[in-house]
Amino acid sequence: MTKLSVNINKFATLRNSRGGNRPNVLQAAIDAERFGADGVTVHPRPDERHIRYDDVRQIKQIITTEFNIEGNCREQSFIDLVLEVKPHQVTLVPDTLGQLTSDHGWDTIQNKNYLVEMIGVFKSAGIRTSIFVDPEVRMIEGAAETGTDRIELYTEGYARKYADDPRYAVQEYLVAATRARSFGLGINAGHDLDLENLNYLIKTIPWIDEVSIGHALVCDALYLGYENAVQIYKRQLQIL
Ligand code: PXP
């Protein structure tokens with residue numbers, strides 16, 4: 001079954017808006033696991049406007065499921081943090097400085113040499129690697145040549161088109177995921193997944209290994225409660 005990794009950055013954003021320690025980000029990680037999530041994701045940025053580097057270090061100490069750190073490996077501070085913390089997985093995202101949220105995948109062809117080097121650095125530290133990519137076959141083929149363990153499909157396009165036409169929205173993801181599978185790559189997916197669109201994606205591409213979900217899950221938690229929200233998202237991953 002596809003795993004749910006809860007991205008807890010939004011808890012940190014809320015905490016940082018006031019100073020102090022409310023909500024407690026460490027507790028958010030513990031509770032994600034307690035409520036049934038299969039892992040926790042964080043996305044530290046150099047300006048630490050969401051999750052702070054020190055949060056990441058502390059979360060690693062208390063987590064018992066899978067820890068995924070995503071971010072921009074062009075920042076030496078990100079590389080150093082990941083190598084120090086040694087999460088189960090690192091997801092390489094081509095963010096630019098100050099970017100609101102991730103909005104594109106890697107060009108795995110243009111950046112092939114760089115990605116090969118980075119994948120080597122993290123894999124030799126025993127960390128599983130994933131490369132954030134748009135659902136384009138060329139980019140999947142490029143990713144396969146870097147030696148990465150997995151790719152993460154950037155699902156914003158799917159989410160945007162889903163309301164109009166789910167079958168059309170998922171098509172390029174199905175093609176990309178099929179190609180990725182043919183290379184033996186593991187497949188993650190994330191960005192803008194929610195209670196409306198998640199189950200259809202998983203039913204269409206049941207070999208997705210893991211989804212990481214933050215924004216919508218935390219928004220739903222405001223109405224449903226955190227425990228309920230995690231459990232309802234978990235149920236969306238079932239193929240009935
Ligand atoms: N995957 C990546 C690479 C991301 O940058 C993000 C957002 O931090 C997510 C997944 C989760 O997206 P969302 O917050 O929309 O669920």
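## Charges over rings

A charge sits over a ring if NZ of Lys or CZ of Arg is within 6 Å of the ring centre and within 35 degrees of the ring normal. R74 lies over the face of Y114, at 4.1 Å from the ring centre. R181 is placed over the face of W207, 3.7 Å from the ring centre.

## Basis of the model

This is a predicted model, in which local features need pLDDT of at least 70, side-chain atom pairs count only at pLDDT 80 or more, and totals for chains, interfaces and linings use all residues. Residues are numbered from 1 along each chain as its sequence is written, and side-chain values use heavy atoms, with hydrogens and water left out.

## Aromatic pairs

Rings of Phe, Tyr and Trp (its six-membered ring) pair if their centres lie within 6.5 Å; planes under 30 degrees apart count as stacked, over 60 as edge-to-face and the rest as tilted. By this rule there are seven aromatic pairs. The ring centres of F11 and Y226 are 5.0 Å apart and the planes meet at 50°, so this pair is tilted. F11 belongs to helix 1 (residues 9-16) and Y226 to helix 11 (residues 226-236), 215 residues apart; helices are DSSP runs of H or I with at least four residues, numbered from the N terminus.

## The tyrosine cluster

Y158, Y162, Y173 and Y200 form one aromatic cluster. Within the pair Y158 and Y173, the ring centres are 5.9 Å apart and the planes are at 70°, so the pair is edge-to-face. Y158 is in helix 7 (residues 156-162) and Y173 in helix 8 (residues 166-182). Y158 is buried, with a relative accessible area of 0%, and Y173 is buried at 2%.

Key: Helices (H or I, at least four residues) and strands (E, at least two) are DSSP runs, numbered from the N terminus. Buried means under 20% relative accessible area, exposed over 50%, partly exposed in between (1.4 Å probe, protein chains only).
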